[in-house]
Amino acid sequence: MSETIDFQVIIIGGGGCGLSMSSFLSNFGVDHALFDRKTNASALPKAHYLNQRTMETFRTHNLQREIQEKSCPMKFMSQVAWATSLGGNERLDRKIIHKFACFGNDNTSEKARAYQMDSPERSANVPLCRMEPILRRMAEEKNIGGIRFGHEVVDFEDRGNHVEVTVKDQHDTVKTYRCRYLVGADGGRLVGHKLGITMEGRTGITDMVSVHFGADLSEYWDDRFFACHFINGNCGTVLESGAIVPMGPTWGKGSEDWVFHFGFALDDEARFQEEKLIPRIRDLLKIPDLQIDIHRISHWIIERVLADRYRMGNVFLAGDAAHKRPPTTGLGLNTAIEDALNLSWKLAMVIKHEVSEKILDTYETERRPVGKRNCDWGLFTFENSAVINAAIGLVAGQTENNKARFEALYEDSLTGRAIQAQVRKMIESQCIEFGAHGIELGFTYDEGLRIADGTEEPEIDPLGQTYSPTTRPGHRLPHAWLQLHLDDSIVSTHDLVGFKGSFLLLTDDSGKSWIEASKRLIARHKVPIAVAQVGSQYKDMEDQWEQCGQLKEGGAILVRPDNFVAWRSKGPSNTGGRELEDAFNSLLGLSWLAGKTLHYITPYTLL
């Protein structure tokens, strides 16, 4: 008797990673289910920063609009500051130690122009407690009945040709489901442990305590601040510093919700004295009568760990189940969403288009190095904050020296001005957290589903500030605005792939042999390829594509469904487009499908 597979894919975990993956799979036409033991959205405001790469991924899948509407406006997240206090009337109160522009939102610098030019979307800032319900609703609308909260996966078994998944619902009813592939986006609670996957790296670095509260700070807050770090004259221990971030839902001075972060050593018993946190917030802010309404106090351990494997058999890890790092630079959820996209389109190729399962091995090949880089970068930027604190005057166990250093910072003397200048430089070094444009957009796949063309990789900024657009295989497709001649609509090069999971052939009016080759591929295989020509079909606005496309007349690139370049010919074909056919077959391990014919498709336009 033949076995019935209930779902092609089952996702364990209904956080940002799992819900995004569900929407991607739905758009790709893959039958799937998602199970999560919780019934309500996360109550925590963490994972609030969505970088440009995440937002352009959401744009491709029509998920970005509501998130942008709920996001903090750019003008209210244009600076990050270090200050002595918000209130108070003493000599050193209400002083800005230093501040600098963040996320390219100052709208004046060359870096700000780069943020605007390099992506069709700006970054967003929406607390997870308000973002997750949006992602959940969109996933449920695309997969009615398939998003099952209040269902806990208690066990699973990979049987080789399918995975059996045991699920218990809110009524303690247990049922076994079967799927072809299982994805653990469960934060490492079950899947990785059961598979025996090792999380490699440093654990137990610091205990972070986050206080999510409501308060009216409109009298004190600077509208431009994304975050503000406080170090004042009472410095001496880690407890006596902290950072505050507004959480909306009204933004700017009118923010109703806030999060205050403290860091503690793991042997510091003060981290459990939650009754002292609220008085300490008032002391740091120097607002003794501030009305604070606690929403939640949460503890979380800072670690930098990476799974030694992302796949075992038919089971995959994604998001926090595969990597955890300090929250600096906001690389947690952003990395997880890119995991979900990378795995989703490859699963769709295997399930929907009968592509070789070998392409699923490239998920780990591509995403694990990126996961390692982001884990390392998160720890690097987190540890740099200790250097800043020490420069200002905050070294554990050196209370008197700290106070003397802090006083000297505001001394009207040559020494005082020297300390001030040094502190400003040290604070600006944290641009590695608040301006990592190259880290966010510039990650590459040096191995995996791409065909190298022998060209050298562009120079990489070691501090992650600069992104260098390139169409070199393994890199993200550069963004450029194009105008469709047919109706004058404006699209990004990123919009040309569309949300249905097609490849994209991008060429010009001299690339007819490439187009004919793509038609032969479409007729021969079940894999869709969209085609776009810059010239007669799309106008290159302000020559933006000419500058970043890096192609000669008649050249072409093949772009994957995740907007990464898989193959490139810088010039015209010498064999009537055969180079493209050979590359395509090699990339996907395609078999000849006699009698199979697909319709030629044009790019999707997303406005």
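**Strands, burial and cores**

Mentor: Strand β11 (residues 199–214) pairs with strand β14 (residues 257–264) in the antiparallel sense, over eight bridges. Within this pairing, V211 stands opposite F260 of β14. This is a predicted model, in which local features need pLDDT of at least 70 and side-chain atom pairs count only at pLDDT 80 or more, while totals for chains, interfaces and linings use all residues. Residues are numbered from 1 along each chain as its sequence is written, and side-chain values use heavy atoms, with hydrogens and water left out.

Trainee: What counts as a strand, and when do two strands pair?

Mentor: Helices (H or I, at least four residues) and strands (E, at least two) are DSSP runs, numbered from the N terminus. Two strands pair if DSSP finds at least two bridges between them.

Trainee: How many bridges join β11 to β15?

Mentor: 13 bridges join them, and the two strands run antiparallel. M199 has A307 as its bridge partner in β15.

Trainee: Is Q64 buried or exposed?

Mentor: Buried means under 20% relative accessible area, exposed over 50%, and partly exposed in between (1.4 Å probe, protein chains only). Q64 counts as buried because its relative accessibility is 8%. Q64 is found in helix α3 (residues 64–70).

Trainee: Which residues touch the most other members of the largest nonpolar core?

Mentor: A nonpolar core is a set of buried Ala, Val, Leu, Ile, Met, Phe, Trp, Tyr and Cys residues joined through side-chain atoms within 4.5 Å. The largest one has 89 residues, and L347 and L588 touch the most other members. Helix α8 (residues 331–353) gives the most to this core, with 12 residues.
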